[in-house]
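These are my notebook entries on one structure.

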Amino acid sequence: TMASLQQEGFPEDRLHWIRSGIRTPSPHLLPTKEEARSALAKANADLRVPCEEPVVTYVGRLEPKLGLENLIIAWRQVALSFPGAKLWLIGDGTLRTRLYRIIRDYDLLGRVLMPGVFDDLQDVIVASSILVLPVSNGNHDHVIMEAMAHRLPVLVAHSRSSDNLVQADMTGRTMPNNEPAVISQAIITALADMASGHQLADNAFQHLQKNRSLRETALRHQDLFQEIIRTSKRLVP
C-alpha cells in the first residue's frame, strides 16, 4: 500500500497509485442465468439449482478470519426464510475441513456447498443472485469488480479497503459487522428486495466503467508516463 511504501522511506511525491482495471463484458455475449446454472450442473450435479431459487455466493480463500464460520451459522436463519436457497463457498484453503464439520453439525448439507476452485468465474457469477463477503479486504477487490462487471449485487461487511468500490446503498449493500445475526438479516433483506439490488448493481456497473475500466487504467498510466518524460526532459542539462 501507499502507507507501507512511505514507511519504507519512499518519497511521497514519487509514489503514484493507479488502481487495477477490469474488462466489462458485453451483456449480449453473456449466458443467461438459466444457461449458466445448466452449465455448472453439468460439471457438478451438486450445483443444480432451479432458476427461480436464489444462490448466494462467496468467492475467495477458505481461511480463518474471513468470517466464513459465521456465514455458515447465519445460513440456518436464511434457510428458514428461503428454503430453496443455496450458499456456494467457491475456493479452497486450510479451513475447508472445519467448515464442512460446521455445515454437517448445523444440518446444512445440500444447502451450503463447497465445490472448490473455478478457473473461470463467469458462469458462477452469472448463476448467482448475490455475492457476499463477510470480511472484505484488499484481496477481494478483484472479485468485487468481477461481480460489478457482470451486474451481480454485492453484499460486504463494511471495510475501509472496499469503500472505493462498495458505497453503501449506492453501488452495493454493506453490513456493520460479521456477526451471524447481522449476516443473516442482511442476506434475507437483500433476497427479499432483489429489485433494489439490481438497481445498485446497475449503479456499480456504471461506477466501474467510469473509474475502474481497463481504458481508464490505461489512460492513467499514459498520463503518468507523459509526466515522467516531461519531468526527465527538464532535469537533463
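**Entry 1: the largest cavity**

How many nonpolar, polar and charged residues does the lining of the largest cavity have? I worked from a predicted model, and I counted 6 nonpolar, 1 polar and 1 charged residues in that lining.

I then looked up how many such spaces there are. My search of the whole structure returned 1 cavity of 30 Å³ or more. For the largest cavity I noted a volume of about 40 Å³. I listed its lining as Ile130, Pro153, Val154, Leu155, Arg173, Ala190, Gly197 and Leu200. Strand S5 (154–157) and H8 are the elements that give two or more residues to this lining.

**Entry 2: the largest pocket**

Next I turned to the largest pocket, and I recorded about 380 Å³ of space in it. Its lining is made up of 23 residues, and those closest to the centre of the pocket are Lys33, Val126, Ser128, Arg151 and His198. I asked which helices each supply at least two residues of the lining. They are helix H2 (33–43), helix H5 (122–127) and H8. Sorted by class, the lining of the largest pocket holds 14 nonpolar, 4 polar and 5 charged residues.

**Entry 3: H6 against H8**

I looked up how helix H6 (residues 141–149) packs with helix H8 (residues 194–211), and found an angle of about 115 degrees, with the axes 8 Å apart. Angles of 65 to 115 degrees count as roughly perpendicular, which means that H6 is roughly perpendicular to H8. The crossing of H6 past H8 is left-handed.

I then listed the residues that meet. From H6 there are Met145, Met148 and Ala149, and from H8 there are Ala204, Phe205 and Leu208. In this contact of H6 with H8 I counted 6 nonpolar residues, no polar ones and no charged ones.

**Entry 4: H3 against H7**

For helix H3 (residues 68–81) and helix H7 (residues 180–192), I noted that the axes come within 8 Å and cross at roughly 45 degrees. Are the two helices parallel or oblique to each other? An angle under 35 degrees would count as roughly parallel, and one of 65 to 115 as roughly perpendicular; H3 and H7 are therefore oblique to each other. H3 passes H7 in a crossing that I recorded as right-handed.

On the H3 side, the residues in contact are Asn70, Leu71, Ile73, Ala74, Trp75, Gln77, Val78 and Ser81, and they meet Pro180, Ile183, Ser184, Ile187, Ile188 and Leu191 of H7.

**Entry 5: H3 against H4**

Finally I looked up H3 with helix H4 (residues 96–105). These helices pack at an angle of about 15 degrees, and their axes are 10 Å apart. Angles under 35 degrees count as roughly parallel, so H3 and H4 are roughly parallel to each other. I recorded a right-handed crossing for H3 past H4.

Which residues meet here? Leu68, Glu69, Ile72 and Ile73 in H3 are in contact with Arg98, Leu99, Ile102 and Ile103 in H4. I divided the residues of the contact of H3 with H4 into 6 nonpolar, no polar and 2 charged.

Methods
Residues are numbered from 1 along each chain as its sequence is written. This is a predicted model: local features need pLDDT of at least 70, side-chain atom pairs count only at pLDDT 80 or more; totals for chains, interfaces and linings use all residues. Side-chain values use heavy atoms; hydrogens and water are left out. Axes are lines fitted to C-alpha atoms, for helices over the stretch in contact, and angles run from 0 to 180 degrees between N-to-C directions. Helices (H or I, at least four residues) and strands (E, at least two) are DSSP runs, numbered from the N terminus. Angles under 35 degrees count as roughly parallel, over 145 as roughly antiparallel, 65 to 115 as roughly perpendicular and the rest as oblique. A crossing is left-handed if the near helix is turned anticlockwise from the far one by less than a right angle, and right-handed if clockwise. Contact means heavy atoms within 4.5 Å. Ala, Val, Leu, Ile, Met, Phe, Trp, Tyr, Cys and Pro count as nonpolar, Asp, Glu, Lys and Arg as charged, and the others, Gly among them, as polar. On a 1 Å grid over the protein atoms alone, a cavity is a set of points where a 1.4 Å probe fits but cannot get out, and a pocket is an open set with protein on both sides within 12 Å along at least five of seven lines; lining residues have an atom within 4 Å of a point. Grid points are joined across faces, edges and corners, and a volume is the space filled by probe spheres set on the points.
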